[in-house]
Structure formats: C-alpha cells, structure tokens
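Here is a short briefing to read alongside your model. Keep the viewer open and follow the topics one by one.

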Amino acid sequence: MQEEQFAEMEHTPHFEVNDRGQSTKMDRTQPVDTSVIQPHMRHHWIDNEDLPLLPDMQPVSTVRDSLYELIPLGPREIKLIGTPEFLRLQQVKQLGFVYRIWPGATHTRYEHSLGCYHLTVRALRALLQRGERGGLDGVAVSSIQALVVASLLHDIGHYPYSHTIEELGSPILLHERIGRTVIEKSSIADVLERDYHLSPERVADFIDPPKNRQSHPDDELLSHLLSGPLDVDKLDYLPRDARGCNVPYGGVDVSRLLGSLLVHKVDGKRSIVVTHKGVSPLHSLLHARQEMFDNIYWHHTSRAFQVMLVRAVQDALQSGQLKADQLVGLDDYSLMTLLRSEPMPQSTRALAESLTNRQPHKVVLEISRMAGRFFNRLDALFWDAERRRRVECQLGERLSVILDTEIAEHELLFDIPRPEKWEMDLNIVFEHPPVGMKPFMSWVEVTGLQPDDLARYEQHQRRIRLVVSERLRSLLTSHRDDIVLPTLEELV
C-alpha cells in the first residue's frame, strides 16, 4: 500500500516552500516519508509514476460541463470514465422521470459523477492550502487519492431511473451495495489496482461503509466530504438539477462554502468543520434542498411515474419473470425494453407501456400529516412493499364491486414519498468569536435552528397520494369523500 512506502529523493522529486513562498528542491540524499501530507507536499508533489497528488495539477484533458465550465482530468481518471461500467451512467438520467415534466432535465448520473469529482478536488485543495491551521497535514496520501476516486464512482451502482426501484426494498439491494460489487469485481478494479495502486475494497468503503470492521482513520475523516450534512453530492446535484429544470431553486455559494472547510479536533477526534463564513452558504444549502423537494422531487406527476415503475418491477419479480440481479447494470432504455417484453406479466407490460407513452396515473386523493393516525397508518406502508401492494389490490377490488366497474390491480396505486432526514450535525469555528459566543460551537448553537424545525416543515409538506389510471379519474374523484376515502380507512 502506498501509505507504507518511503520514496527516495533521487527517484521522486519533492519540493519545499521557503519563507518567501518560493519552491526549492530538497536534499536528494535523505529519504522522506511521502505516505502522509507534509508541508513540502502541499503544493508540489508527484508520485513514483510522475503523477500529482490532485489530478488537476497536471491535467491531460478536460470535460466541458454545464456548471463548472471545464473539469480537468488526469490520465488515470480518463481510464476510469472510459470503463463500460462508468459509461453506462450516460444512459441513466439523474432525475428519472422528471424530464417528463421539465423537458430539460435529461442530465445523467455521468455528469453528476464528474461534478462530484470536481468539487472533491476543489475541497481537498482548499484544505491543503490551510496547512497546519486546519489542513490535511499528516493525512495519508492514499486516503486523499481514494476519496478522489470514490467521488467519481459514488453512483456507479445506481439502478435506472434514479432511486425509484430501491423503494421496493428486499430483494432489491441499495445502490451503494451494488456499487461495492462493481468496484471490486469489474474492469474498474483493474484500473484501481494497476494505475492507482489502491485497493478496490478500500475505495468501496467510502461508498458502502463496512459495519464489521474499521476503516483507515484518514478515510473515515475524509468520507464526510462525500456523505454527510455537508457533502459534494448535494453541492453538485442541487444546482445541477435546478439548472436542468430551469427553476430558480438550488442556489448555493459553493466556492465560499468549500473555502470555509477545515479539520478540527472534536472530543479528541479529527472532524471536518466550517468557519463562520460557511454558516450562510450552509443555510442556503438546507433551503435549496427543501425547495427542490417541494417543487421538483415530490412533484405529483413525477411521483406517479415513479410508483408506476415500482409496481411494474414488483409484479415482474413476484411473477418470477424477473430476478433482482437482472436489474443490475441496466440503463433507462434497457429496463423499459425488458419490462415491455412478452414474458412479463400483463400488469408490468401495461404500466411500462404507459410510462413509455407518458400516460401517468392521476391523483384522486391526497392525505396530509394533519390526518393524524390515518396518515401514519398509510405512511407505514412505505416500509412494507408487499403489504402496500395487498392494500392497493384490496382497495381496487372493493371499489370495483361498490362502483360496478372493472378496476385492474395495477390501476390504483399509493404514492408514499420516503421520509427525509434533515439533520445538520456540523460544528462551526470562530477565529474571533463575537461577544457571547465561543471559538467552537455546534450548528444549533450558532443558528438556533433545531433539526425538529426542518423535520416539522418536511412533515407538513410531504403528502401521501392515491393515484389511478386516467380512465378511472373522474369516477373515483366524484366518489372520493363518500366511497373512496371511507373504504380506504377501513382497509388500513
């Protein structure tokens, strides 16, 4: 492993920076530990293969991006994004069916992954520049390299159409677990081992943290840049999604936020924190996320498409015509082609046909948190996909009898959005704290905003909906209060 190696100076050029900021070569005759970041390595460092610490120091190519203009790439990154597994992401839309409502939202997981990689490099550079005052001195070089790679590969295991299929639960594995398998057992593993000299398992640990063993301490520290209250994932997808939909949400001062990062000891353990300059951008990040959920991610038509896809896959799995592992490695087009194929059950084919032809189910009933126990009983169905399907079928059967009309099993579905987490478990540091404040404080202490405040807002905005095929909409809407609602209340 690279962190266990010591490089001789005659093999690898190293530099130190003098008091005037000028770089000078160090004594070639003295062996120097290059496994961890040291002062002379912050700005000038290359490994035994003449490659820099961060790939944008000596880029060999660039990608023109809609958010960041040019994203520099090193030779190793070009190899990674050229693997079949990574190229598949060009055919997986970042926002699933949202493009059916906002036609511009056709950006992909490929673009988002490149964006996360770019922001990770920027965040690492900002931390390196802090030097001994909250920088990365003493952090393993291999941890920095592993984070850069992990940010590029963090969505490599995604199913088609965003997170939709994962709402089914077992036997569908989370995309992070699928990502581990892809990283460890595909051509990506060859690139990591041959070109980066990194363990694929170690890179996968950033994306799918192990539960039965400890990660490298520096990996654990840096992983919070990829997944946590403040991470490059959100910093990229919020403005990228907003731009794709052409809506005025998702605005975050990313440069100021990345510039406020530093490493600080919290209860004796190193942690990523922000200076007081990061408070306002973080507040914007929270509001941007909520605005995107309110207006885009929870849009009723997009959600209807999602639950139709979930039910199509669920019925195919129950019929035995589809196995969970067949979903791995598909893209948006190949999944829809599979679901429309002749061996699939009639309900699956019908729903896939409606999805292809943009014929969404329509809302006939909407339930808010103010409905109390009724809402809670319906909400519990999110975690039990089999029971949810049974209730959907039973409701359809009863309404069919009462209203004397034919209702197919797949024509009546529940839209239950996943409950979101709105915690901001982050700490703020002040070099010169205002009177009454301390040099080190929690987010809650600095802002007065409790996690419950955000959670309550989410609870009031989140709706559970009953959606039905277009042909049933008028009939069920006209009997919503006297038949549909009482019948549903009896069932749950």
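**Briefing**

R358 counts as partly exposed because its relative accessibility is 37%, where buried means under 20% relative accessible area, exposed over 50% and partly exposed in between (1.4 Å probe, protein chains only). This is a predicted model, so local features need pLDDT of at least 70 and side-chain atom pairs count only at pLDDT 80 or more, while totals for chains, interfaces and linings use all residues. Residues are numbered from 1 along each chain as its sequence is written, and side-chain values use heavy atoms, with hydrogens and water left out.

**Backbone points to look at**

- R358 is in the loop between α14 (346-356) and β7 (362-367); helices (H or I, at least four residues) and strands (E, at least two) are DSSP runs, numbered from the N terminus.
- The phi of R358 is positive, about 50°, although R358 is not a glycine.
- H197 is not a glycine either, and has a positive phi of about 55°.
- You will find H197 in the loop between α6 and α7, and it is partly exposed at a relative accessible area of 40%.
- S170 and P171 are joined by a cis peptide bond with omega of about 10°, and P171 belongs to the loop between α4 and α5.

**Domains**

- The chain is assigned domain 1 (44-252) and domain 2 (361-420 + 462-491); such bounds come from an automatic or database domain assignment.
- Taken over C-alpha atoms, the centres of domain 1 and domain 2 are 39 Å apart.

- S162 sits in the loop between α4 (141-153) and α5 (175-185) and is buried, with a relative accessible area of 12%.
- Its side chain makes a polar contact with the side chain of R109 at 3.0 Å. A polar contact is a pair of N or O atoms within 3.5 Å; within protein, one must be able to donate a hydrogen and the other to accept it, and residues adjacent in sequence count only if both atoms are side-chain atoms.
- Not counting residues up to four places away in sequence, S162 touches K93, Q94, L95, G96 and R109, where contact means heavy atoms within 4.5 Å.
- K93 has its charged end over the ring of Y99, 4.6 Å from the ring centre. A charge sits over a ring if NZ of Lys or CZ of Arg is within 6 Å of the ring centre and within 35 degrees of the ring normal.

- Helix α6 (residues 187-196) has I188, A189, V191, L192, D195 and Y196 buried.
- These buried residues pack against α1 (75-81), α2 (84-87), α4, α5 and α7 (200-207).
- V484 lies in helix α20 (residues 480-491) and is buried at 1% relative accessible area.
- Beyond its neighbours within four places in sequence, V484 is in contact with L365, L395, L399, L466, L476 and H479.

- Strands β5 (residues 261-266) and β6 (residues 269-275) run antiparallel and are joined by 6 bridges; two strands pair if DSSP finds at least two bridges between them.
- V263 has I272 of β6 as its bridge partner.
- The β5 and β6 hairpin has 2 residues between its strands, and D267 in the turn has a positive phi of about 55°.
- β6 also runs parallel to β9 (residues 427-429), with 2 bridges joining them; there, V274 is paired with I428.
- E431 is in the loop between β9 and β10 (440-442) and counts as exposed at 56% relative accessibility.
- A polar contact of 3.3 Å links the side chains of E431 and R133.
- E431 and T275 are 156 residues apart in sequence, yet their C-alpha atoms are 8.0 Å apart in space.

**Aromatic rings**

- The whole structure holds 7 aromatic pairs. Rings of Phe, Tyr and Trp (its six-membered ring) pair if their centres lie within 6.5 Å; planes under 30 degrees apart count as stacked, over 60 as edge-to-face and the rest as tilted.
- F382 and W383 form an edge-to-face pair because their planes are at 85°, with ring centres 4.8 Å apart.
- F382 is buried at 4% relative accessibility, whereas W383 is exposed at 57%.
- Ring pairs also link Y237, F293, Y297 and W298 into a cluster.
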